[in-house]
Amino acid sequence: MSVRLKNAMMIAGMVISWSVYYAVSKVVVRATGSAFLTGFLLRASALVFLTVQLAADGSIKALFKQGKTTLILLLIGVFGFLLDLFANLGYAKGSLSTGTALLKTDVLMVNLASVLIYRKKLFISDWVGTFIMLFGVLLVLGVSFGSIAFNITDLFFILSAVCVSANAFIIKTAEEKYGE
């Protein structure tokens, strides 16, 4: 399989898995009545599936031989937990479509962090592409622009997007410093 095809399949898989994840989160929050229990169940499920995968490919031993990177891995886990917690708190009282749209603001936050913190130069095409993507998310979700109203619970979705963005930078830094 070519690298391009493999990368395209990985991106498609991520899009599908995140879409399913958002829908499942809303359903589980509604079924359990608890954002905390939902976050626990989703993270516990991820722990089980990833442990099985690591055991199956024989790389579980390498996880425990990380040394200095253990703190970074723990920090990544904490931000992963927080992003789920905030999203599920938002789903407990907010709408799925609004939450999904607000969670996609992580792309905008990554752009802003890249410019403000890392002093990277983004081109006009980067910004145009970001806003087209955000507009497309709103269109696909069927968000009515006339009825957009900000609820206080929407802050949870924004906090979740902040955690996703922070986690992305932590993971990128860890990969550059310790990765393969």
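This is a predicted model: local features need pLDDT of at least 70, side-chain atom pairs count only at pLDDT 80 or more; totals for chains, interfaces and linings use all residues.
User: OK, what should α1 span, and how far apart are its end C-alpha atoms?
Analyst: With 30 residues at 1.5 Å a residue, α1 should span 44 Å. Its end C-alpha atoms sit 42 Å apart, which agrees.

User: What comes just after α1?
Analyst: Glycine 33, which takes a positive phi of about 75 degrees.

User: Which residues of α1 are buried?
Analyst: Tyr21, Tyr22, Ser25, Lys26, Val28 and Val29. Their cover includes α2 (35-56), α4 (70-93) and α5 (96-103).

User: And where's the nonpolar patch on the surface?
Analyst: Met10, Ile11, Met14, Val15 and Trp18 form that patch, with about 510 Å² of accessible area together. One of them, valine 15, is found in helix α1, which covers residues 3-32.

User: Switching topic: is asparagine 167 buried or exposed?
Analyst: Asparagine 167 counts as buried because its relative accessible area is 7%, and the cut-off for buried is under 20%. This residue lies in helix α8 (residues 154-178).

User: What is asparagine 167 in contact with?
Analyst: Leaving aside neighbours within four places in sequence, asparagine 167 touches Leu75, Ile76, Phe79, Gly80 and Leu83.

User: Last one: where is confidence lowest and where is it highest?
Analyst: In the protein chain, lowest is helix α3 (residues 60-63), at a mean of 73, and highest is α8, at 85. The chain averages a pLDDT of 80, and 91% of the residues score at least 70.

How values were computed:
Residues are numbered from 1 along each chain as its sequence is written. Side-chain values use heavy atoms; hydrogens and water are left out. Patches are made of residues with over 30% relative accessible area and no salt bridge: like charges are joined within 9 Å, nonpolar side chains (Val, Leu, Ile, Met, Phe, Trp, Tyr) within 5 Å. Accessible areas come from the Shrake-Rupley method with a 1.4 Å probe; for residues, only the protein chains shown count as cover. A salt bridge is a side-chain nitrogen of Lys or Arg within 4 Å of a carboxyl oxygen of Asp or Glu. Helices (H or I, at least four residues) and strands (E, at least two) are DSSP runs, numbered from the N terminus. Buried means under 20% relative accessible area, exposed over 50%, partly exposed in between (1.4 Å probe, protein chains only). Contact means heavy atoms within 4.5 Å. The expected span of a helix is 1.5 Å times one less than its number of residues. pLDDT is the predictor's confidence in each residue, from 0 to 100.
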